[in-house]
Every structure is written in C-alpha cells, then in structure tokens.
Amino acid sequence: MLSLSTDDIQLDQFADNKEQAIKALASGLEQSGLVATGYVNGMLAREAQNSTFLGNGIAIPHGTTDTRGLVNNTGVKIHHFPQGVNWGDGKTVYLAIGIAAKSDEHLGILKQLTKVLSADGVEQKLKESRSAEAIIAILNGDAQLDADFDNSLVLLDFPATDLLQLTAVAAGLIKNKHALGAEGVANMVATEPTYLGQGLWLAKTDIAVTRTTLSFVKPSQHFEQDGQPVNALLAVAACNSAHVPNLKHLTNLLYNQQVSKLLASDSDKVISLLTEETLEGSEATFQIRNTHGLHARPGAMLVSTAKGFESNILVANLDGEGKSVNAKSLMKVIALGVKHGHKLHFTAQGADADAALTAIGEAIANGLGEGK
C-alpha cells in the first residue's frame, strides 16, 4: 500500500504547460532525495514517447526504464493544479503524480492510484480539494468509492413467504455490517419495494446510513406479491452515489432479459454480476511478455489497439483479481497490475470482435511498442 503524507503534496500549483509541470515535479523528487540529478530528462523523454495523461484530469509523469538507475527510493510527489494544466490534445490535468520507481514497484503504485482515480466523480472531488489531508483521504481510499457488497450480504434460499419478510432480512444483513441504523431498517421495511420486472424487487433507504451497502435475498420458494412473482430482492442503503455503477449493471441485466442469470447464481456470481462489467462474445487469452509488465506506455498501446475496433472489449488479469474491466480505458487497464508473464483474458462482443482479438494478440506478441 502506498503511504502518503502531507509532505508529498503541494497545493495551489501553477504551470503554463506540461513540460513546466513535469520539471517542477522532478525537482520535488530530487529535493526529497528520491531521485538523483538527471531524472527529469527521463520524465520528459517518457512524456515524449507517450502521454502520461490517464483521464479524469490526472497524469502520472515518471521516468523511462533507462533512468531507473537514478532512482534512490520508490516514492511520489503530487502537485495539485486548481486551474488545470494543458496536457495536449485538449486534455487538462488537475492532479499530477510524479513517480519514482526502482523496478516493478510502480505497478503497485499505479494499481492503487488508478483504482481510486477511475471511480466516477473522483476527479471533481480532487479538483475542488482544498487540503492535502482531503487529497490523501481520496487517494488512500478512505472516501467510499464503491458500494459494500460481499458474501455476507447475499442470502440464498431463505424460507420467506412474503415480501415483507424478505425486506426485513435484507435490511438486517446491512444492519449487521454496521452500515444501517435501526431507523433506517424501519424505513426500509415500511416502504413498499419497487417491482423491477422478471421477478426482481428493489428495496431502498437513505435514512441512518453510514456506508452505502447492498444486500441480496432470494426466497427458497417463489411466491407472488400483488400478482407479480417474487424471485429475489435487492436492497440498497445509500448515503452517497457509490451504488450507481451497481444499478447500471442491474439495468443492463433487466434490459437484456438476463435476470435469470442472477437468480441461478451462487453468491460469488451474484456479486460479480452486480459489480463487474460482463459480455458474451468471442474470447481469447494472451500472456504479457513485457519485462516490466503493463506500465503506462505498453498499457496505452494495448488500449489504443482496442479502441481501433467498434466491438465492446473487456479484459481480466487471470493472475490478479480476475475482475473484468473495459479494455478501452487506460486507467482501468493499468489498475489490473499486470506484470511480466501474467495472462490476460479478453472478451469481445460486436461485428469486428474476432478481428479485434486477433489484433490485440498480435500487439501483445510484438511487445506493445517495446519490442519482442
């Protein structure tokens, strides 16, 4: 886990362009003893090779592999630009994270940072931050970015005979996680759930919620409520917008008439269906040959290859968490923490899906811009 202190962050910075911003970051790294003189040249050379802009107003300037010998210790310096810096191609950076990494340590740093920075709305929070402590809280994940939803919040085959029982149990599961107070439980139980279709119901509350949390309960025997089937109930206790991505996944299941998948799943699959992007289509697995894994440059090459096709493309690191992400998002691809030898599993859906997977395989085999 990357450990940040207020000394790592400089607020209210200004730069006329990205070169000026990078030089200032390099100076900070050098003054702190993390790098030796000359590392700035590697940072500028790296930027010339491929932009370190990740999206959402964030850039991660760092040196080339040739300048790793100038790194004394792994660490970062962060400059906050409230007015933004033009990073080229119409991209504006509000938070620049200068990285010094001796070896593959930077992949862990990138994984931690991009997981936070890729979440919806984080860039606006960072742009508007007025203290180093606030920025650290966001980067360390102390601010809730994803709704809580794990196996303890999924209950299958519960012997309920009416919707009120299901709602009470669902609320109780959230209360047991200390995310919902007694007043919130009462409110959720007293509010009639919404029928979403395909046998699925939604219960919700925003009262006495300390952390946004989901729960899912399925009865052991199907029954009806007001003439509609009751096959399962999803409960949402929300105190922020962390649950919005989950509801988007749910909407996709409903739209594609695939709620049956949810109803036939075990607890792990229920969580996966409501927290991860999924596709059905052509599949392929490729092994990363790059010595230093998927850092920003080869990662950008992979994303650029995927963007050349109309098909939707997901990728999962089989040697990591196994979670599928959008292969056209650099931040999410880098967040997979892919190292040398890791296997990536791609799923593509669309008219040019097979061509996309062939091109991706060839790009990986050719070293993603770093040679075979």
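Predicted model: local features only at pLDDT ≥ 70, side-chain atom pairs only at ≥ 80, totals over all residues.
## Before you start

UniProt positions are given here in the numbering used for this structure, with feature names shortened, and annotations may be inferred rather than shown by experiment. Residues count from 1 along each chain as its sequence is written.

## The annotated stretch

An unreviewed UniProt entry carries the annotation "domain: HPr" for residues 281-371. Over residues 281-371, the chain is 33% helix and 24% strand, helices (H or I, at least four residues) and strands (E, at least two) being DSSP runs numbered from the N terminus. The end C-alpha atoms of this stretch sit 30 Å apart.

## A four-stranded sheet

Now for the strands. Four of them make an open, antiparallel sheet in the order E13-E16-E14-E15; two strands pair if DSSP finds at least two bridges between them. Strand E13 (282-287) and strand E15 (324-326) are the edges, each pairing on one side only. From one strand to the next, the twist averages 30°.

E13 and strand E16 (residues 343-349) share six bridges in the antiparallel sense. Look for Phe 286, whose bridge partner in E16 is Leu 344.

## The helix across it

Helix H13 (residues 353-365) lies across E13, strand E14 (312-317) and E16, and runs at about 0° to E13. Contact means heavy atoms within 4.5 Å; axes are lines fitted to C-alpha atoms, for helices over the stretch in contact, and angles run from 0 to 180 degrees between N-to-C directions.

Technical notes
Heavy atoms only, no water.
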